[in-house]
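Work through the exercises below with the model open beside you, and try each task before reading its solution.

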Amino acid sequence: MLPENLTAVVARNESWTGTSASEPYEAGWAKEAIVFVRALKEPKGSLPKARIEISADGMHWCHEGSEFALPTTKDAVTFQRLGHFGNFVRIAATLPDGAEITVLVTLHLKA
Amino acid sequence: MRRAIREADPQLSRFDPLPRIICFDDFDRGMCGWTQLVGNYEDSLDAMLPGYAQHSHAMLSTLPNWDFGSHGGVDGSYALKIATRPKKGAQNVAIKRLTFRKPGPIRLEAYFTFKPEATDLQLSETDIRSFGFLYDLQIGDSSGPGDRVMPHLRFLNAQDGQHLQKWQFKRKTTPIKPIGNAGKTITHYHLAPDDWEDLPGGEQRLCYNEIPTKVNWHYLRFDFDLASMQATRFQVNDRVFAMDGFDSIRIPAMKNLWCMLNLAFFAETDTDKRAFAYLDSVCLSGEF
């Protein structure tokens, strides 16, 4: 049987300001993931790096260690490869005052 | 013979399908075609109604809990999980999109359960507003004129902290609005919180366990006739409800949805806490 493979859109047209994150996504079945972030509108201000966060229960979160750039122009895409993320995963960012990005966040999960 | 084979199969023997199984979705084999219900839009995603914009993707879940670990499904490790956002009134939906080949009887069967996110060490039995399901149906292009018919049923568990526990249905959707300028797209939000009506005799006390992480699975069966577009039977656990007082949302047939057989489940929260609905498994069968 072919291994399981899923594209999950976990944030669509959400405007991130301040401390923001995608909704918790349960993906314990997957061995690997790629997170894609696309800017759906022209971002504003100085953008920080996004971080991968993982969790045992979807409520208490740890910084997994991976950081990656957010896209700096409309329709630009950035990504981060991930392995060993256990169960819940999300993408978080802490934006400074005046910064804003409207994101499409996609998880590509593979067993 | 057919019955003997079915009853000897541990997965199928807990269902009573009609002669032809249209789909049998055990989420140990992946998402089985269940996906996110995305709203209509044109040119910009900003055109999407807020009710749809809040929707996110269902998950393959082991029902993990912080206090005792994975709960697992009825059978196997995984169930389909539909999670709302942590905001009072938030909803989420998972949908499977099919078409039918004969307008006859169909039967939906599923095992379901629901619970709030266990952010408090309290029972939290009133934190979920509702769990429900719907069909989105339209007759074949040669059978018209007819309607687009959307039977909706929800278990209103609680509202504003009151534990109500009753089944409700819906006859009205929101006004249909055009989207964009191309004249190709319209939208309405059929899961709007207004216009739910009590199913006569639809009060039911479901099993819920003593802490917010334990769940028990419930059996659900809904029989519907695609020829008459009428519900014929509804059962949850040991209760069979009279469907004389039930009706569906009915709107004029649309030019692009012939023979549509869409099936969706949804969850809604009554507090600023995520509501989780789980399915394992879903069996859709028909008489054809």
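Buried area is the accessible area, taken with a 1.4 Å probe, that two parts lose on being put together, summed over both. The structure is a predicted model, in which local features need pLDDT of at least 70 and side-chain atom pairs count only at pLDDT 80 or more, while totals for chains, interfaces and linings use all residues. Residues are numbered from 1 along each chain as its sequence is written, chains are lettered from A and ligands numbered from 1 in the order in which they are written, and side-chain values use heavy atoms, with hydrogens and water left out.

**Exercise 1. Describe the interface of chain B and chain A.**

Begin with the area: chain B and chain A bury about 1900 Å² between them, and 51% of this lies on carbon and sulfur atoms. Next take the contact (heavy atoms within 4.5 Å), to which chain B gives 29 residues and chain A gives 20 residues.

**Exercise 2. Which strands pair with β20(B), and is β20(B) mostly covered or exposed?**

First check burial, where buried means under 20% relative accessible area (1.4 Å probe, protein chains only): in strand β20 (residues 260–269) of chain B, ten of ten residues are buried. Both faces are covered, with Phe266(B) among the buried residues on one side and Phe265(B) among those on the other.

Then follow the pairing, which requires that DSSP finds at least two bridges between two strands. Strand β7 (residues 91–99) of chain B pairs with β20(B) in the antiparallel sense over nine bridges, and Arg97(B) has Asn262(B) as its bridge partner. Strand β9 (residues 128–138) of chain B is also antiparallel to β20(B), over nine bridges, with Tyr135(B) partnered by Leu263(B).

Note on methods: Buried < 20%, exposed > 50% of the residue type's maximum accessible area, 1.4 Å probe, protein only. Helix = DSSP H or I, 4+ residues; strand = E, 2+ residues; numbered from the N terminus.
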